[in-house]
Amino acid sequence: MDGGAPLLPHMSRVGVDAGDIEAVFLTHFHGDHTLGLPPFVLHRVFVDPRPITFVGPAGIEERLEALWDISWGPDWKTVMRPRFHATYEEAKPSGKVAGYKYETVKLDHGTSGSNGYRIWVGGKILAYSGDTEPTAPLDALVEGADIAIVEATGPGDVFSHMSWEAASDLKKRHPKTRFMFNHLYNGTVEGAVDDLQVIEV
Ligand SMILES: [Zn+2]
Ligand SMILES: [Zn+2]
């Protein structure tokens, strides 16, 4: 789900094999959601060339290929692209990728918007917002979800994002859903997870 942070060191620390990832869902193309991907792609080109699918908004192939191209210049097309077994897929209202059923919910986020996803994993529904304003589509995204990973950027007025106050209200409106809030721009809050803490869902 998105790839803004450096993926390889994080995966290594939590024991995830970067070669095992079968699908990447992107909510939108802002840098803090995509710029952790190039080193991960490097791994999938040279270390573990298993097939991978990128699902995201319209233009996903052009946007990501441009990112790989700017990352490595002419070597991308001549040396690396032929070894990279990637498929790009524009997110449908509902579909299936890597065996997982998903639904897409269009969320409000500045001028770009954002694709929220509902994904069926092991009989549970996971909702993931990426960046969003606290508008009606967000409630539709988390409605009935077992777990929701939703942004909560900061306190007070947060342009094109959700405030901590709005996040708290959202949680109250959906008492049966377990929420995990991410995308905090600064500081921490009471009850935040510790580094490497395992959360049972
Ligand atoms: Zn954004
Ligand atoms: Zn963001």
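Two strands pair if DSSP finds at least two bridges between them, and strands (E, at least two residues), like helices (H or I, at least four), are DSSP runs numbered from the N terminus. The model is predicted, so local features need pLDDT of at least 70 and side-chain atom pairs count only at pLDDT 80 or more, while totals for chains, interfaces and linings use all residues. Residues are numbered from 1 along each chain as its sequence is written, and chains are lettered from A and ligands numbered from 1 in the order in which they are written.

**Exercise 1.** Find the order of the six strands in the open sheet, and name its edge strands.

*Solution.* Begin with the order, which is β4-β5-β6-β7-β8-β9, with mixed pairing. Next, look for strands that pair on one side only, which gives β4 (94–97) and β9 (178–182) as the edges. Then turn to β6 (residues 114–121) and β7 (residues 124–128), which run antiparallel and are joined by five bridges. Finally, locate Trp 120, which stands opposite Ile 125 in β7.

**Exercise 2.** Describe how domain 1 meets domain 2.

*Solution.* Start from the division of the protein chain, which an automatic or database assignment splits into domain 1 (14–91) and domain 2 (94–201). The contact (C-beta atoms, placed from the backbone, within 7 Å) takes 14 residues from domain 1 and 13 residues from domain 2. On the side of domain 1 that touches domain 2, β1 (23–25) and β2 (52–56) each supply at least two residues, and the largest share, three residues, comes from β2.

Notes:
Contact = placed C-beta atoms within 7 Å.
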